[in-house]
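Me: I have this one open now, so please take me through it piece by piece.

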Amino acid sequence: MGDHLDRRREEEILEAEQQVYPPPEHITASANVSPEDYERFRQQGTEDPVSFWEDRAHEMVDWFEPWEKVLDDSNPPFYRWFVGARTNIAYNAVDRHLETWRRNKLALIWEGEPGDTRTFSYYRLCREVNRFANILKGMGVQRGDRVTIYMGRIPELVFAMLACAKIGAVHSVVYGGFSVEALAERIEDAQSRVLITADGAWLRGKIVRLKDIADEAVKRSPVVETMIVVKRTGQEVYMETGRDFWLHELQQLPIASGYCETEVMDAEDPLFILYTSGTTGKPKGVLHTHGGYQVGIATTLKWAFDIKEEDRWWCAADPGWITGHSYIVYGPLILGATSFMYEGAPNYPYPDRWWRLIEHYGITILYTAPTAIRGLMRFGDAWPNRRDLSSLRLLGTVGEPINPEAWRWYYRVIGKERCPIIDTWWQTETGNFMITPLPVTPLKPGSATFPFPGIIADVVDEEGNSCGPDEDGYLVIKHPWPAMLRTIYGDPDRYVEQYWSKFREQGWYLAGDSARKDKDGYFWIIGRIDDVIKVSGYRLGTAEVESALVSHPAVAEAAVIGVPDELKGNVIYAYCILREGAGAGPDIEEELKQHVRHEMGPIAVPARIEIVDRLPKTRSGKIMRRVLRARAMGLPEGDLSTLAD
């Protein structure tokens with residue numbers, strides 16, 4: 001696995017292993033989980049994870065009917081949790097708070113990039129969700145139907161997700177930064193007859209024309225019969241008669257009542273599909289369910305981020321990713337927390353936009369990606385130092401391993417050396433945090449520390465033996481957990497093959513990441529072991545980007561790799577072979593970049609495209625990506641004996 005660990009990262013980890021930051025006394029004194037309870041829960045979660053999660057299910061959420069069995073493991077790896085229980089995540093996130101003093105508590109504070117603001121109490125949130133749910137029912141959406149949602153970071157995205165959950169529909173949120181092909185593929189795979197989008201979104205002072213992209217995607221995937229459009233940016237858009245409807249106009253109709261009955265769902269009924277990149281071209285539709293998912297996210301958020309009634313929680317992710325599903329929409333609302341949500345870029349119009357927001361709204365907890373931290377770190381200490389960040393109590397990171405240098409800057413400059421950093425490792429597939437400190441855990445810069453109580457993780461070698469200290473190996477989860485994915489939508493065989501086949505005999509989940517444990521048992525995540533590239537914390541399959549490149553008429557074959565980048569963690573480096581007769585003009589690289597932008601969105605645009613005559617392949621035709629990576633980084637290419645040419 002040495003190919004996946006560049007020398008600099010290794011040196012940083014070895015240095016950081018020696019540094020320990022004890023938790024501040026003012027944090028441990030009032031933590032939701034005390035140091036003593038933490039050790040007790042870790043022991044219970046290791047010795048009897050089923051009873052641990054059953055206790056949390058009683059503690060964290062309400063049920064319409066109790067379960068007959070906590071875990072059904074009779075058909076691995078198709079595990080079922082809280083078998084026979086009846087629930088609905090929307091009831092726990094919204095409805096139940098109206099029966100308490102929280103009905104008038106702020107659920108959501110929102111600021112748009114231009115500076116407009118909106119706030120929603122739990123009572124008003126409930127009415128917005130009910131109105132949206134009734135509109136969906138009026139459009140013929142029934143229990144079990146899939147609804148695709150494609151918009152920017154606006155409150156209506158939250159309402160749409162909760163409305164789907166409330167009526168038993170399955171939502172499929174597609175990140176608003178994805179473009180035509182990615183959206184069309186996901187609509188087609190989910191067979192969504194309804195698409196919810198917006199006219200546009202604001203980003204860095206410009207409009208992202210979401211409706212135009214949606215129109216083109218629907219041409220490619222004509223399964224969509226109805227498109228509901230939120231008016232956000234106000235520019236002229238095409239509206240197809242009989243198919244497209246403005247949300248604000250639908251809200252004036254009698255169907256948009258403020259009361260909607262919440263569907264009683266089985267714990268194992270599907271809640272959402274969320275697509276994530278795989279090693280083949282087709283994205284994987286990760287399926288999560290109502291019951292176990294809500295237990296996992298509520299427990300992990302309350303404990304890891306020490307959520308209290310008076311907190312103002314800001315998860316600066318996008319709801320289009322699992323982080324947004326679990327820790328912008330569902331987790332905070334289940335806990336009755338107040339969340340902040342911001343539409344735009346962290347450095348627009350100035351590099352202190354985030355720090356101004358923290359000061360203005362009194363944010364107490366900030367949870368963001370290492371890429372954002374590194375990007376803001378480039379502007380120096382002066383921008384955050386001119387703002388009052390004293391409201392902050394905890395900081396967090398998500399999406400990729402944070403390098404120790406960025407961790408120390410975040411701790412020192414943003415947290416003023418008094419805010420523990422909750423560095424979380426988890427995945428779309430896991431649903432909730434898997435390896436993370438609690439506020440009472442001594443920290444090491446760049447380490448996610450230990451598995452959350454109830455999660456049994458290890459680092460193993462090719463044969464499944466536990467690795468020794470500082471040995472790289474495969475990160476595995478050795479026991480099922482409630483928030484785990486249940487399958488890949490429509491493809492159970494791929495689910496088994498992707499996650500469970502390597503250690504089939506042991507029954508372990510393969511995370512797809514390499515990791516190591518140090519002498520103190522701290523986990524250090526190294527990086528992906530498959531053909532998936534993490535750019536700014538987002539997973540992109542090499543096959544997806546290659547397919548986008550090859551769809552250009554000039555490209556015969558393409559191979560992409562990830563190479564380390566100071567700011568984004570990794571960037572995409574592409575090699576392309578052109579078709580005969582397709583002359584490579586001086587603008588071909590830029591032309592191909594724009595083509596990928598159109599097909600997949602800006603997140604997938606390669607940083608560099610190199611035109612080549614051939615690609616290094618094995619005799620069986622497999623592209624040798626390690627050779628390409630070595631060439632791109634100017635490193636020795638290693639053993640080339642298996643090259644076909």
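**Strands, then helices**

Me: How many bridges join S16 to S17?
Reply: Three bridges join strand S16 (residues 312-315) to S17, and the two run parallel; helices (H or I, at least four residues) and strands (E, at least two) are DSSP runs numbered from the N terminus, and two strands pair if DSSP finds at least two bridges between them. This is a predicted model, in which local features need pLDDT of at least 70 and side-chain atom pairs count only at pLDDT 80 or more, while totals for chains, interfaces and linings use all residues. Residues are numbered from 1 along each chain as its sequence is written, and side-chain values use heavy atoms, with hydrogens and water left out.

Me: What stands opposite Thr338 in S17?
Reply: That is Arg312. S4 (residues 106-111) is also joined to S17, by four bridges and in parallel, with Glu111 having Tyr342 as its bridge partner in S17.

Me: Why is S17 largely enclosed?
Reply: Five of the five residues of S17 (residues 338-342) are buried, so the strand is largely enclosed by the rest of the structure; buried means under 20% relative accessible area, exposed over 50% and partly exposed in between, with a 1.4 Å probe and protein chains only. Thr338, Phe340 and Tyr342 point one way from the strand, whereas Ser339 and Met341 point the other way.

Me: What is the strand order in the open sheet?
Reply: The seven strands run S5-S4-S17-S16-S18-S19-S20, with mixed pairing. S5 (117-121) and S20 (421-423) are the edge strands, each pairing on one side only.

Me: And at the S20 end, what is the bridge partner of Gly396?
Reply: Gly396 has Ile422 in S20 as its bridge partner, and three bridges in total join S19 (residues 394-397) to S20, the two strands running parallel.

Me: Switching to helices, which residues of H7 meet H12?
Reply: Val158, Met161, Leu162 and Ala165 in H7 meet His325, Val329, Tyr330 and Leu333 in H12, where contact means heavy atoms within 4.5 Å. H7 (residues 155-167) and H12 (residues 322-334) pack at an angle of about 65 degrees with their axes 11 Å apart; axes are lines fitted to C-alpha atoms, for helices over the stretch in contact, and angles run from 0 to 180 degrees between N-to-C directions.

Me: How does H12 relate to the strands we began with?
Reply: S16, H12 and S17 make a right-handed β-α-β unit, right-handed meaning that, with the strands pointing away from the viewer, the path from the first strand over the helix to the second runs clockwise.
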